[in-house]
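Please read it alongside the sequence and the structure shown here.

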Amino acid sequence: MTPICRFFTLVSLWLMVGASLTRAEIPVIMIDPGHGGKSQAGTLEMRSNSSPNNATTPGGIKEKDLTLEFSLFLKEVILSESGRIGFPIGVLLTRESDVNVDFIQRAALCNRPDTACVVSIHFNAGGGKNALGSLALISAESRNPQFALDREFGGGLAAACSEGVRNFLPDSKSRGVITDGHLHGGLGSNFFFQLARQPRLKGVPKCFLEVEFIDNPAVEKALLKVDREAKFRTVALPIAAYLLDYVGKRKTGPQD
Ligand SMILES: [Zn+2]
């Protein structure tokens with residue numbers, strides 16, 4: 001090959017690589033409404049088991065219904081607020097009806113080249129009768145190469161959620177970030193296990209967001225009994241703002 005040919009080959013290679021790197025990709029926020037349906041999906045042996053429901057309010061409202069309702073509002077609010085960033089954004093849910101989806105399938109749905117972050121929505125219980133507060137759950141440091149990234153992402157998300165919840169429960173607060181080290185005898189969350197196996201999700205921030213403790217009667221009364229739709233939209237607003245700003249910063253800022 002003559003030097004001039006080599007030059008043009010290099011230029012065309014550079015153009016091809018450049019084109020693929022600067023392709024205008026629309027980042028997608030993946031929202032996973034926890035639980036669903038009437039029976040377990042997946043198996044413990046495969047570490048794919050998603051329970052149909054965990055928490056229930058004193059009045060009988062199920063977590064699985066609240067996760068779906070809240071996720072649908074969050075999607076709507078993110079899309080309606082997306083003008084605050086200078087590029088289009090997508091929002092996808094791992095389920096949009098009352099069905100359970102096992103963790104292998106949920107993780108596969110999240111495994112997209114354009115996924116910007118993964119947020120699994122849950123409502124908490126078992127913190128004691130008067131427990132209050134929003135928190136994020138992330139994969140423990142011992143098995144999580146992106147622990148610092150997830151901790152920063154989850155901490156901001158819990159703070160944003162708590163800001164929204166305080167409109168209705170002024171004593172609520174952010175409980176920050178906890179890890180999944182205590183789950184499944186130290187093995188951690190099976191959803192995180194399946195997400196970690198997905199090649200396109202390396203370096204993509206992931207966490208569970210536990211919106212509030214719904215077995216606390218005060219939470220049920222203030223947040224869930226009356227005008228739930230309007231209240232959920234209010235809670236979703238700072239979360240949507242945080243997610244949009246976070247994704248915006250990562251898309252336009254220096255990449256790690
Ligand atoms: Zn849950």
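Read along the sequence, the chain of this predicted model follows the pattern α-β-α-β-α-β-β-α-β-α-β-α-α. Its secondary structure comes to 7 helices and 6 strands. Of the 256 residues in the chain, 43% count as buried. Among contacts with a separation of 6 or more, 80% are between residues 24 or more positions apart.

**Helix 2 against helix 7**

- Helix 2 spans residues 63–81 and helix 7 spans residues 228–252; their axes come within 8 Å and cross at roughly 55°.
- That angle makes helix 2 oblique to helix 7, and the crossing of helix 2 and helix 7 is right-handed.
- On the side of helix 2, the contact is formed by Glu 69, Phe 70, Phe 73, Leu 74, Val 77, Ile 78 and Glu 81.
- The residues of helix 7 that meet helix 2 are Phe 232, Arg 233, Ala 236, Leu 237, Ile 239, Ala 240, Ala 241, Leu 243 and Leu 244.
- By class, the contact of helix 2 with helix 7 has 13 nonpolar, no polar and 3 charged residues.

**Helix 4 against helix 7**

- Helix 4, residues 147–165, packs with helix 7 at an angle of about 150°, and the two axes are 7 Å apart.
- Because angles over 145 degrees count as roughly antiparallel, helix 4 and helix 7 are roughly antiparallel to each other.
- The crossing of helix 4 and helix 7 is right-handed.
- Helix 4 contributes Phe 153, Gly 156, Leu 157, Ala 160, Cys 161, Glu 163, Gly 164 and Val 165 to the contact.
- Helix 7 contributes Thr 234, Val 235, Ala 236, Leu 237, Pro 238, Ile 239, Tyr 242 and Tyr 246 to the contact with helix 4.
- Sorted by class, the contact of helix 4 with helix 7 has 12 nonpolar, 3 polar and 1 charged residues.
- Ala 236, Leu 237 and Ile 239 of helix 7 take part in the contact with helix 2 and also in the contact with helix 4.

**The buried face of helix 3**

- Helix 3 covers residues 103–110, and its buried residues are Phe 103, Ile 104, Arg 106, Ala 107 and Cys 110.
- Viewed down the axis of helix 3, these buried residues fall within an arc of 165°, so they line one face of the helix.
- An α-helix has 3.6 residues a turn, so residues three or four places apart point the same way.
- The cover over the buried residues of helix 3 includes strand 1 (28–33), strand 3 (115–124) and helix 5 (190–196).

**Two loop residues**

- Gly 133 lies in the loop between strand 3 and strand 4 (134–138).
- Gly 133 counts as buried because it has 23 C-beta neighbours inside 10 Å, and the cut-off for a buried residue is 20 or more.
- Leaving aside residues up to four places away in sequence, Gly 133 touches Ser 162, Ser 172, Lys 173, Ser 174 and Arg 175.
- The C-alpha atoms of Gly 133 and Glu 210 are separated by 8.6 Å, although the two residues are 77 residues apart along the chain.
- Ser 97 is placed in the loop between strand 2 (90–93) and helix 3.
- Ser 97 is exposed because 9 other C-beta atoms lie within 10 Å, where 12 or fewer is the cut-off for an exposed residue.
- Ser 97 and Gly 37 are 60 residues apart in sequence, and their C-alpha atoms are 8.5 Å apart in space.

Terms used. Residues are numbered from 1 along each chain as its sequence is written. This is a predicted model: local features need pLDDT of at least 70, side-chain atom pairs count only at pLDDT 80 or more; totals for chains, interfaces and linings use all residues. Axes are lines fitted to C-alpha atoms, for helices over the stretch in contact, and angles run from 0 to 180 degrees between N-to-C directions. Helices (H or I, at least four residues) and strands (E, at least two) are DSSP runs, numbered from the N terminus. Angles under 35 degrees count as roughly parallel, over 145 as roughly antiparallel, 65 to 115 as roughly perpendicular and the rest as oblique. A crossing is left-handed if the near helix is turned anticlockwise from the far one by less than a right angle, and right-handed if clockwise. Two residues are in contact if their C-beta atoms, placed from the backbone, lie within 7 Å. Ala, Val, Leu, Ile, Met, Phe, Trp, Tyr, Cys and Pro count as nonpolar, Asp, Glu, Lys and Arg as charged, and the others, Gly among them, as polar. The arc is that of the directions from the helix axis to the C-beta atoms.
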